[in-house]
Amino acid sequence: MTDIPLEVRSPKRRLGDLTFGATARGAGLLILLALAGVAVFLTLKGLPALGAKSADLDAHANFAAYVWPLVYGTLISAALALLVATPLAIGVALVVSHYAPRRMATALGYLIDLLAAVPSVVYGLWGIGFLSPKLVPIYEWLADHVGWIPLFKGPASTTGRTILTASIVLAIMILPIVTAISREVFLQTPRLQQEAALALGATRWETIRLAVFPYARSGIVSAVMLGLGRAMGETMAVAMVLSASGIVSVNLISSTNPSTIAANIALKFPESSGLSVNALILSGLVLFVITFVVNFAARAIVSRREVSR
Amino acid sequence: MNSTSVRRIALPGIAALVLGLSLSACGAGNESSSDDSSSGGGSLSGTLNGAGSSAQQAAQAAWTADFQKANSGVTINYNPIGSGGGVTQFNSGGVDFAGSDKALDASAGEIDAANKRCGADAIEVPDYISPIAIVFNVPGVKSLNLDPDTAAKMFAGKITKWNDPEIKGENPGAKLPDLAIAPVHRSDPSGTTNNFTDYLSKAAKDVWTWPAAEDWPIKSGEGASGTSGMVDAVTKGKGALAYIDNSQVGNLSVASIKVGSKYVAPSADGASKALSVSKPQTGRPASDIAIDIDRTTTADGAYPIALTSYLIACPTYSGDKADLVKQYLSYVVSTEGQQSAATAAGSAPLPDNLQQQAAQLIDGITKS
C-alpha cells in the first residue's frame with residue numbers, strides 16, 4: 001500500500017473503486033429501504049384500527065383515547081430514565097476519560113461496555129426479583145413523609161413494581177451506550193485546547209467545563225438520543241417489571257401505572273386477534289413517529305446552537 | 001437554513017433513529033420446527049402441527065410425549081402462541097388443530113371462518129378444564145372463606161382492608177390484620193381473567209358490573225404478566241389478592257368460595273362437577289360443544305370458577321393426516337389422556353357426559 005505513485009491519476013475508474021462505491025451506496029439505500037418498508041407496513045396494517053370499536057380497543061372509545069395513556073407512559077418512563085442516566089453516564093465517562101489512571105480507566109470502560117451485553121430479559125428478571133422488593137421501604141417512606149407531592153402520593157406499591165422502578169431499570173440499561181459514546185467524544189477533545197486552559201490557570205473542572213464540554217456537546221446529545229431511543233423502545237424489561245394498568249397518572253410509586261407502547265404490544269399481542277392487532281400495530285407507528293420527531297428535534301436544537309455561536 | 005445544515009441535521013438524525021430502532025427491536029421468533037425424521041415403531045407416522053392456548057401448554061406437552069412414545073413415527077408440535085393466534089392460524093390453514101381458551105366467537109365470524117377452512121362444520125370440543133384459585137398473602141392467615149359478593153368487592157376495591165367487618169363476619173376465627181388489600185390482575189389478556197370476570201359478573205352481579213373480558217376491566221390495582229408474574233406479585237406483596245390457575249398455587253394461601261350454603265376450596269373434582277351440571281351453548285353447529293359454566297350453581301361440592309379450554313379441528317383431512325388427527329385427539333379426551341394432563345398440569349378431568357360427546361365427535365373424523 002505504501003508504493004502507490006502519486007502522479008498516476010488515471011481518469012479511468014478502477015474496478016475496486018467502482019465495486020466499493022456501489023456496495024457502500026447500496027448499503028446506504030438498503031437502510032432507507034428498510035426504514036421505508038417498516039413505515040409502510042405499520043401504516044398499511046395500522047390504519048384499519050382508526051375505525052375500531054371499543055371492544056377491540058381495550059374499552060376505549062377511539063384509537064386516540066387508547067393510545068394516549070401509552071404515549072404518556074412511554075414518554076414519562078423514558079424521560080425519568082434519561083434524568084437518572086444522563087448525569088451518571090457523563091460522570092462515568094469523565095472519570096474514564098479524564099480522572100481515572102489509565103489502567104483503571106480501561107478496566108472501568110470494559111465493565112461499562114459489558115453492561116450493554118446483558119440481555120434485556122435479564123434486566124427484567126433483576127428488576128422484578130431484586131430491585132423492586134428493595135425499593136418498597138423507600139416508596140413507603142416517600143408516601144409517608146412527602147406524600148403531599150403528587151409524584152409520591154400513596155398508597156405505595158407493596159411489590160415495588162412501579163413506573164419509577166421501571167425507569168431506574170431503563171436508566172441502567174441505557175447507561176452503557178450513553179457512557180461509551182460520551183467517553184469517545186471526551187477523548188476526542190483537542191489536547192492543545194485542554195492544555196491551553198490548564199496553562200491559563202484553570203482547574204481540572206474548569207478545563208472540562210471550558211474546553212471539553214463545548215466541544216463534546218453535540219456528541220453528548222447524540223449519546224443521549226440513542227439512549228432515549230432505547231428507553232422508549234425497550235420492551236421486555238418494562239413488560240416484566242411494570243405493574244401496568246393503562247391509566248394516566250403522575251403518581252410514580254403506586255401499583256397503578258401507565259403502560260408503555262412497546263410493553264403493551266408485547267403483553268397484548270399473543271392473545272389478540274382481528275382489529276385489536278391493527279390497533280397494536282398502529283400504536284407501533286405512533287412510537288415510530290415519536291422516536292423520529294424527538295431525534296429530529298434534538299438534532300435541530302444542537303445544530304442551531306452551533307450555527308449561532 | 002442552507003442545504004448543508006439540513007444535511008447535518010437529517011443524516012445523523014436518521015442514523016440515530018435507525019440505530020435506536022434496531023436497538024429497541026424485540027425479536028419474537030417462536031416458530032416451532034417441524035422435524036419428521038424419526039421413524040420406526042407404532043402404526044402411525046407423520047407430523048401434526050397445533051397452536052393456540054398457552055394454558056394448555058403443560059397438558060399438550062404431556063399428551064404429545066405420551067402419544068409420541070406410543071407411536072415413534074409421529075411428531076406433534078404444539079405452539080403455545082395464545083388462543084387468538086391459534087384460532088387465526090387454524091382458520092387460515094396454518095395448523096392442523098388449535099387450542100383455545102374460549103369457544104369460537106360466532107359474532108366475530110370465527111365459526112364461519114373455521115367452517116370455511118374445513119369445508120364443513122368444524123369440530124370444537126372441550127379438552128382441558130382448570131380450576132382457578134383465589135390466592136392471597138396475609139401474614140398468619142392460611143385460609144379464608146369468601147362469598148362471591150365479598151370477593152367481588154375486594155377485587156373491585158370496595159373493601160380495602162383485610163380486617164373489614166364483612167370479611168371478619170365470614171371468618172370469625174381468623175386473625176385478620178389492619179392491612180390494605182392489594183388486588184393483583186393479569187396485565188396481559190388471558191383466558192383466566194375472562195373466566196374469573198365471567199364468574200364475578202354472574203355470581204356477584206350486584207357488585208361486579210363489568211362484563212366478562214380477557215382484559216381486566218378496572219384501571220386500578222397491581223398488574224402482573226402471566227401466571228408466574230401473578231405468583232411473584234402475591235408472594236412478595238403483603239396484603240396481595242389474586243386469581244391464578246389452581247395448579248400454580250404452591251405454598252400460597254387459598255380462599256374457599258361460597259357455593260350454595262357451603263364454602264368450597266378449589267379442586268379438580270369440584271371443577272369437573274361444575275362442568276357436569278353446566279349446559280352447552282345453544283345455536284351452534286352440532287359438531288361444536290361450547291360450555292357456559294354455570295357460575296351460580298348450588299350443586300354440592302361444585303367449584304364454579306374454572307377455565308374451559310377447547311380443541312378445534314376439522315371433520316375431514318386429506319390422506320394419512322385424518323387418522324393421525326383422529327388418534328391424537330381421541331387420546332387427548334380419553335380417560336388416560338385426561339388423567340395424564342391432571343398429573344402433569346393439575347387440570348380437572350372432563351366429566352363423563354362431555355367426554356363421551358367429545359370422543360364421539362372426534363371419532364367421526366374421516367379422510368376426504
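In this predicted model, B:Phe196 is found in helix H7 of chain B, which covers residues 191-203; helices here are DSSP runs of H or I with at least four residues, strands are runs of E with at least two, and both are numbered from the N terminus. B:Phe196 is buried, because 25 other C-beta atoms lie within 10 Å, where buried stands for 20 or more such atoms within 10 Å of the residue's own, exposed for 12 or fewer, and partly exposed for values in between, with C-beta atoms placed from the backbone. Leaving aside residues up to four places away in sequence, B:Phe196 touches B:Ile132, B:Tyr243 and B:Ile305, a contact being a pair of residues whose C-beta atoms, placed from the backbone, lie within 7 Å. Between B:Phe196 and B:Thr160 there are 36 residues in sequence and 20 Å in space, taken from C-alpha to C-alpha.

Residues are numbered from 1 along each chain as its sequence is written, while chains are lettered from A and ligands numbered from 1 in the order in which they are written. Local features need pLDDT of at least 70 and side-chain atom pairs count only at pLDDT 80 or more, whereas totals for chains, interfaces and linings use all residues.

Strand S4 of chain B, residues 123-136, has 14 of its 14 residues buried, so it is largely enclosed by the rest of the structure. S4(B) pairs with strand S13 of chain B (residues 306-313) in the antiparallel sense over 8 bridges, pairing being assigned if DSSP finds at least two bridges between two strands. Within this pairing, B:Ser130 stands opposite B:Leu307, and B:Ile123 has B:Ala313 as its bridge partner. S4(B) also pairs in the antiparallel sense with strand S8 of chain B (residues 240-245), over 5 bridges, with B:Ala133 opposite B:Ile244. With strand S9 of chain B (residues 253-259), S4(B) forms a further antiparallel pairing over 2 bridges, in which B:Val254 is the bridge partner of B:Val135.

How many residues of S13(B) are buried? S13(B) is mostly covered, with 8 of its 8 residues buried. In a regular strand the side chains alternate between the two faces of the sheet.

The axes of helix H3 (residues 83-91) and helix H4 (residues 110-118) of chain B come within 8 Å and cross at roughly 40 degrees, the axes being lines fitted to C-alpha atoms over the stretch in contact, with angles running from 0 to 180 degrees between N-to-C directions. On the H3(B) side the contact involves B:Val87, B:Phe90 and B:Asn91, which meet B:Glu110, B:Ala113, B:Ala114 and B:Arg117 in H4(B). By class, this contact has 4 nonpolar, 1 polar and 2 charged residues, where Ala, Val, Leu, Ile, Met, Phe, Trp, Tyr, Cys and Pro count as nonpolar, Asp, Glu, Lys and Arg as charged, and the others, Gly among them, as polar.

Chain B as a whole has 12 helices and 15 strands, and 49% of its 368 residues count as buried. Among its contacts between residues at least 6 apart in sequence, 73% join residues at least 24 apart.

Chain A, by comparison, has 10 helices and 0 strands. Of its 309 residues, 45% count as buried, and the C-alpha trace of chain A spans about 75 × 55 × 40 Å along its principal axes. Chain A is divided into domain 1 (17-47) and domain 2 (62-308), with bounds from an automatic or database domain assignment.

Finally, the two chains meet where 45 residues of chain B are in contact with 46 residues of chain A. On the chain B side, H1(B) gives the most, with 13 residues, and by class that side has 19 nonpolar, 17 polar and 9 charged residues.
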